[in-house]
Amino acid sequence: GVSGHTGPGVRLQVDAGSATAMEAQRGTAKADLGSLEEVRASVLGVCAEACVAAARGHAGAVRMQDMMGLGPLEHMDEAELDQWMRVAGVRAAYVAADACLSLVEPMLQGAGAK
């Protein structure tokens, strides 16, 4: 989310996870930025950090399932799982960045920025 915090500037914090991963395997990234314009410029990097970490957490959960004889690794190998998780992390980052920007753009318009 995007919110103000104590002091000047804006805090951008992104939390990402998966339904199969444990709470400790979530991805969180945050940045304290000087303006909404800086949020616009930084949002993809912050989202990528959180979403890639969440994808790694999900991969760990899938590997745990495999140890119990469950999950998708019954039908794919480690290299394929790694590739799917890289793709999932990047796709999630773009979706999250778009969602954050949809919150930031009205704030920028309200502040008179372009």
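Glu37 is partly exposed, at a relative accessible area of 32%. In this predicted model, its side chain forms a salt bridge with that of Arg40, 3.3 Å from N to O. Both residues sit in helix α1, three residues apart, which is about one turn of the helix. Arg40 is also partly exposed, with a relative accessible area of 27%.

Arg40 has another partner. The side chains of Glu105 and Arg40 meet in a salt bridge at 2.8 Å, N to O. Glu105 belongs to helix α2 and Arg40 to helix α1, so this pair ties together parts that lie 65 residues apart in sequence. Glu105 counts as partly exposed, at 26% relative accessibility. Taken as a group, Glu37, Arg40 and Glu105 form a network of salt bridges.

Next, the pair Arg63 and Asp82. Their side chains meet in a salt bridge of 2.6 Å, N to O. Arg63 is in helix α1 and Asp82 in helix α2, so here the parts tied together are 19 residues apart in sequence. Arg63 is partly exposed, with a relative accessible area of 25%, and Asp82 is partly exposed at 29%.

Which elements give two or more residues to the largest nonpolar core? That core has 21 residues, and those with the most contacts inside it are Leu12, Val14, Val39, Val43, Val46, Cys47 and Cys100. The elements in question are β2, residues 10-16, together with β3, α1 and α2. Helix α1 supplies the largest share, eight residues. There is also a second, separate core of six residues, with Ala55, Val62, Leu73 and Met85 among them. As background, nonpolar side chains in soluble globular proteins tend to be buried together.

Some nonpolar side chains are on the surface instead. Met64, Met67, Met68 and Leu70 make a nonpolar surface patch of about 480 Å². Met68 is placed in the loop between α1, residues 36-67, and α2, residues 78-110. Is Met68 buried or exposed? Its relative accessible area is 59%, and because the cut-off for exposed is over 50%, Met68 counts as exposed.

Last, confidence. The protein averages a pLDDT of 85, and 90% of the residues score at least 70. Among the elements, strand β3, residues 27-33, has the highest mean pLDDT, 92, while strand β1, residues 2-4, has the lowest, 50. Where pLDDT is low, predicted coordinates should not be read in detail.

How values were computed:
Residues numbered from 1 in each chain as written. Predicted model: local features only at pLDDT ≥ 70, side-chain atom pairs only at ≥ 80, totals over all residues. Heavy atoms only, no water. pLDDT = per-residue confidence, 0-100. Helix = DSSP H or I, 4+ residues; strand = E, 2+ residues; numbered from the N terminus. Patch = residues over 30% accessible without salt bridge, like charges linked within 9 Å, V, L, I, M, F, W, Y side chains within 5 Å. Areas by Shrake-Rupley, 256 points an atom, 1.4 Å probe, with all protein chains shown as cover. Salt bridge = Lys/Arg side-chain N within 4 Å of Asp/Glu carboxyl O. Buried < 20%, exposed > 50% of the residue type's maximum accessible area, 1.4 Å probe, protein only. Core = buried A, V, L, I, M, F, W, Y, C linked by side-chain atoms within 4.5 Å.
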